[in-house]
Amino acid sequence: MEKALHVDHLCKSYKRRIRQPGLWGAFKGILSSQFEEVEAVKKISFSIKRGEKVGLIGENGAGKSTTLKMLTGIIVPTGGELEVLGLIPWKQRRELALNIGVVFGQRPQLLWDIPVRETFRLLKTMYRIPDEVYEVTYKEAVKRLSLEPLLGTPVRQLSLGQRMRCDLAAALLHAPAIAFLDEPTIGLDLSVKEQVREFITDMQDKFGTTLLITTHDLKDITETCDRLLLLDKGALLFDGSLKNFEKKFANESRIVAELQQPASPAALRKLSEEMKRYGGRIITSEGHRLVVEYKKSGSAPALTQILLKRQKVADLTLEKTDIETIVTRIYRRPSKD
Amino acid sequence: MRALQTQLTPLEKLKSYTSLFVRSLKASFAYRASTITSLITAVFMYAVPLLLWHQVYKQKSDLAISQEKMFPYLLLAGCLNYALGMSVEFRIGQRIRQGLIATDLLKPVDFQIAQGVQAVSDGIFNGVLGMMFFFSGFIFLGKDVFPASPTAFLLFNFSFLLAFLIQYLICFVFVQGAFYTYSGYGIFAARGALQQTFSGIWAPLIFYPGFLKTAGEWLPFRHTIYTPVSIYLGWVQGNEVFDLIYQQMAWVIGLYLLGRVLMVQSLKQMEVQGG
């Protein structure tokens, strides 16, 4: 399959002025010229094929948005190489713009003072969208994102959620070859998030759009993507399918038991020692609730038997670690720096 | 899957800029209260030089330019100043500061031209209000406010178009500083001060002391107001008119190229604010 984009040892660093705290510090900051170098993206490499659906995740400040800005040609990399649809983004920005759709969750691309409909019309001309394509994308967006009542409203009068829906529609009106969506569900309520995800998936199915989504809501990824890139402090920590991600990082499962009576400290100690032999570890014991975590696959029957033998159990469930928990754990790992 | 799109043809670009122009013009009417406030401010701004000069002529009537010539000049300079009012630095500065510049750069159109198109919509909106000043001046000054001849009027129109381009390109060159300072305010103030001083809004350059006059002649600002008004009123004739128009054209080309070079540099080092 044809490559949609290719990134090789991509870097971005920038200088940040060092500011001292307090009023005097702010005053000194005007005169001082002390800077520190911040490495936002550190030699990352990956490729995405046409039609792939990729999620880009990472903590705040991990370099997700910076990567997206380089891929869209807004900012210039400080090192490495990148090619999007055969173009060098920052050198051929305008040509690339015709073929990509971008949502920056916190930056509306709609014209602020005039009704939403007007921006859509402008985009139709600007991206020379053929009538037959516009007919489909416009109608689909209006229907799927419930935009009809918003079309005549000036953008500045829309709520964040309403604006986000309109912005997403605007980014996909020209059925772009690649859609870069930076936090497309930020500030949306649960039902609208669902609407947005369905719309993205439908548009992807219809037009074969390559998707690159950054988000903090992992449901955006699990419901729309099949590949994951994990950035950690500017470096690429994982690149692979969601299944492989779980395989690699979800090496722990849990037994969650609801006890008939809270276990005594002595009983807990004994239980803990016994479970250790089978790779189990009690991680929570709060009142009636007891959670055992285990790493070794195949340990569940033995651990369950021990639990049932030692305690009176009212209810018991086996939980596989979900993707959100895995990511949270990765974020919480102590830094190697 | 849609086929990959290649660059827009010149006709498609023209259509895009026209569409953007129409939307910008509509946006100009969005803030009625602000429009009225700026109109009142403009009336005040252009009434002050008239009142000042009225006082000067009361005390000393034998100046290099007679009162009959000076008042039409000041009236037209005020109208032009208003028509040339554009929010380029404010608009771009604000977008740089808030990181919204990112969405401008994602459009498949030229940033410098797209901003120019928006400046034209500012100009048309302000131009209509400038015409209102003109007609109010006509009530007081009568036919003295008319052009010196039909040819002068024709050449004035051409000179005014060039003045508009110069004004926009000056703003565009200055606003490049906002890519480094992340605020358009200081730049707006600096350009505004130079503009007020050297454009001829307060007085024709002939009244300026030597060094200021020389500086004014070497800078592009006088070509935004003094030059078109002088042509309109017939203060310059024959080849002198064409000399001034050629100078204006040279400034348009020079400032356009300077703006482009600076823009390329600014965008190369730009950091989008706000993550």
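Helices (H or I, at least four residues) and strands (E, at least two) are DSSP runs, numbered from the N terminus. This is a predicted model, where local features need pLDDT of at least 70, side-chain atom pairs count only at pLDDT 80 or more, and totals for chains, interfaces and linings use all residues. Residues are numbered from 1 along each chain as its sequence is written, while chains are lettered from A and ligands numbered from 1 in the order in which they are written.

**Stop 1: the sheet in chain A.** Select residues 53-57 and 227-232 of chain A: these are strands β3 and β8, parallel and joined by 4 bridges. Zoom in on A:Gly55, and you'll find A:Leu228 of β8(A) opposite. Now widen the selection to the open, mixed sheet of 6 strands, ordered β5-β6-β7-β3-β8-β9 in chain A. β5 (100-104) and β9 (235-241) of chain A each have a single partner strand, so one side of each has no neighbour in the sheet.

**Stop 2: helices across it.** Then pick residues 242-249, helix α9 of chain A, lying across β8 and β9 at about 120° to β9(A). (Those angles run from 0 to 180 degrees between N-to-C directions, with axes as lines fitted to C-alpha atoms, for helices over the stretch in contact.)

**Stop 3: another pair.** Go to residues 253-259 and 313-320 of chain A. Strand β10(A) runs antiparallel to β13(A), with 7 bridges between them. A:Glu258 has A:Asp315 as its bridge partner. How many of the 8 residues in β13(A) are buried? The count is 0, where buried means 20 or more other C-beta atoms, placed from the backbone, within 10 Å of a residue's own.

**Stop 4: chain B.** Switch to chain B, with 12 helices and 0 strands. Its C-alpha trace spans about 75 × 40 × 35 Å along the principal axes. Of its 275 residues, 39% are buried.

**Stop 5: where the chains meet.** Show both chains: 31 residues from chain B and 34 from chain A make the contact, counted as C-beta atoms, placed from the backbone, within 7 Å. On the chain B side, α1(B) gives the most, with 8 residues. For the complex, the predictor gives an ipTM of 0.81 and a pTM of 0.83.

Key:
Contact = placed C-beta atoms within 7 Å. Buried ≥ 20, exposed ≤ 12 C-beta atoms within 10 Å, placed from the backbone. Pairing = 2+ DSSP bridges.
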